[in-house]
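Me: I'm new to this one and I'd like to know where the labels come from. Could you walk me through a few?

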Amino acid sequence: MSAPVAKLPAWVEVGLIPLLNVTVAFLVSGLVVLFIGENPLQAVKILVWGALGFGEGIGFTLFYTTNFIFTGLAVAVAFHAGLFNIGGEGQAYLGGLGTALAAMALDRYVPWYVTLPFAICGAALFGAAWALIPAYLQARRGSHIVITTIMFNFIAASLMVWLLVDHLSPPGSMQPETRTFAAGGALPKLGGLFEMFGADMGAAPANISIVVALAACLFVWVFIWRTRLGYEIRATGLNPTAAVYAGISTVKITIIAMLVSGALAGLMALNPVMGDQQRLQIDFVQGAGFVGIAVALMGRAHPVGIVLAAFLFGMLYQGGAELAFDMPAISRDMIVVIQALVILFAGALEHMFRPGIARAFALMSSPQRARMLDGGEAG
Amino acid sequence: MDLTAAVLVLDSAVRLATPLLLACLAGLYSERSGIFDIGLEGKMLAGAFAAGAVAYWTGSAWLGLLAAIGAAIALALVHGFASITQRGNQIVSGVAINFLAAGLTALLGQAWFSQGGRTPQLSGDARFSSLTLPGAEALRDVPVLGPIYYELISGHNLIVYIAFLMVPLTWWVLFQTRFGLRLRAVGENPAAVDTAGISVPFLRYRAVLICGVLTGVAGAYLAIAQSAGFIVNMTAGKGFIALAALIFAKWRPWPAMGACLLFGFLDAVAIRLQGAYVPFIGEVPVQFMQALPYVLTVVLLAGFIGRAVPPKAGGVPYVKER
């Protein structure tokens, strides 16, 4: 990689530059709105109101946020090991299978709080299993994990359609979905919590899996920054060669990081499957696995950043629905455009503004150093 | 299966393989120069939308094709800027381009045409129609040869023939010209190319541009040759199958054609086999046939049938020594 021109203060590295990148992404999104012939400021106003202006809107925003926390964490854990897990979509889809199997086995006999731990295990296990093969192939046979996880997304889609159509749908039903879970397979909604604050959540599906999501954040923080394995994962991600010399097995680290990543992606299924629909449906992930890429990049692969980025994308998803209602010219696909621009500017073009900022800082600190920098760059 | 049915399946295999082949060759140029491109899907989709929209406005398939190439080149340049000039992560950039195309085409389609993201139906000169090769009518009734020539070889639209002509052309460019030699070299060892006094970025930008042109043609084929207009997400993973075919072909033009025809054939068979019984196997789930290209690619990547080794410098940004 190209070495940074000058060492920048930490707040610039983790604060200013990421913020600048994301701001540019949103400014370009504003230009797209302008191009369609609508007023971007008006659009932002409708969007924010739709996401946070009333109880039901907040409920939906939190529901989407929960999905994106899980998938964002999944991408982030793989990032720390230097791996790009693009297969969150498929891993979450399989996680749904684990969730549904646990729920259908238990829902008629026990209350939800007994089902939940089993569903968590099922979701994590199935998600991790779907990440295991690409992880093994990357670690042992050197096949590129990006390509294999993309392929596994498509294989997962075919597999799940086959299972849902031919095996999991109840006899006599033409719908490609499982039976509806009984009360023991339904997670309680957050409506009660909303009422304590005098708000009405309406039909919004926010449920207690957001607590699981926040617990997963804490787990990831402890795991990555406070355990020996996490240290080995970060070391491998930063410099695989050095890690090998330090006695770290890259094979082990690749597989462990991908298993944790797949498990986190699989957990995402709790929210829509048990929290919202109480059944497993075709294509329930709806791109959340891919949003995780944008969330992880924007949140700098740190749990705190991921929660904030997931909340922002949750707002976009819910507010975008309101926006499509009020401004028919701007359909919900606008969110996909914003997501793409965030990935582009916060990911692929992440260093675009660094030289400029470095020069500005050098100019401010000492004119002589700035001259040296300019000379150094020209040479 | 009798001859007529076999010819019909092969005929639809050719039609289904065409967009794969164009996208696969597009990826071949880019990846041979050391720029990984998982954004083939997005560029095709953008091309398809531009073709559908412009062909509708102007009534000309040719202007639609030009617009498709322009749109795909625009995205290719974004990818080039991110991965060559800014030395960003090529995978991340490709992901961004896929989403950008998916979002923008649906968004603009809805804003401009209000048909749920589709472009209006095209007819007449706004589409590329089937060509009848000379002598096809006359030979039609000749046994065996007649149906093969009439159905399988004749009767496709222009882009199908362009796609298959691109295969020898690509082989010639890559392996018989100076540009091709340099292109392959820059994907294996850019430092050596640089030492020879040849600009690495300029070479890679040209490869990325060729990739844009070919994905644009592939998109135009989908929207204004195979179908009569753009449909939301009409590429439906074809860009990724093309990528799989590229790996399957080990980054070589002739095997690329073989892989694309194989995947096109699987697709054609899957459509015909829906719910049909196959002797000795029983009912093959259609989802199995759909997943087969991906499964085959994974198996190949794992090195169980031959070994797919990508260009050495692929995915690594080139930093000139200071």
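This is a predicted model: local features need pLDDT of at least 70, side-chain atom pairs count only at pLDDT 80 or more; totals for chains, interfaces and linings use all residues.

Me: Which residues of H16(A) are buried?
Reply: A:Arg354, A:Ile357, A:Ala358 and A:Ala362 are the buried ones. Seen down the axis of H16(A), they fall within an arc of 135 degrees, so they line one face of the helix. Over on the other side of H16(A), A:Leu363 and A:Met364 are exposed.

Me: How do you know that the length of helix H16 of chain A agrees with what it should span?
Reply: Its twelve residues (354-365), at 1.5 Å a residue, should span 16 Å, and the end C-alpha atoms are 16 Å apart, so that agrees.

Me: Why is A:Gln286 called exposed, but B:Lys250 partly exposed?
Reply: A:Gln286 has 63% relative accessibility, so it counts as exposed. B:Lys250 has 27%, which lands it in the partly exposed class, between the 20% and 50% cut-offs.

Me: What is the phi of A:Gln286?
Reply: Positive, about 50 degrees, although A:Gln286 is not a glycine. Most residues other than glycine have a negative phi. A:Gln286 sits in the loop between helices H12 (270-277) and H13 (288-298) of chain A.

Key. Residues are numbered from 1 along each chain as its sequence is written. Chains are lettered from A and ligands numbered from 1 in the order in which they are written. Side-chain values use heavy atoms; hydrogens and water are left out. Helices (H or I, at least four residues) and strands (E, at least two) are DSSP runs, numbered from the N terminus. The expected span of a helix is 1.5 Å times one less than its number of residues. Buried means under 20% relative accessible area, exposed over 50%, partly exposed in between (1.4 Å probe, protein chains only). The arc is that of the directions from the helix axis to the C-beta atoms.
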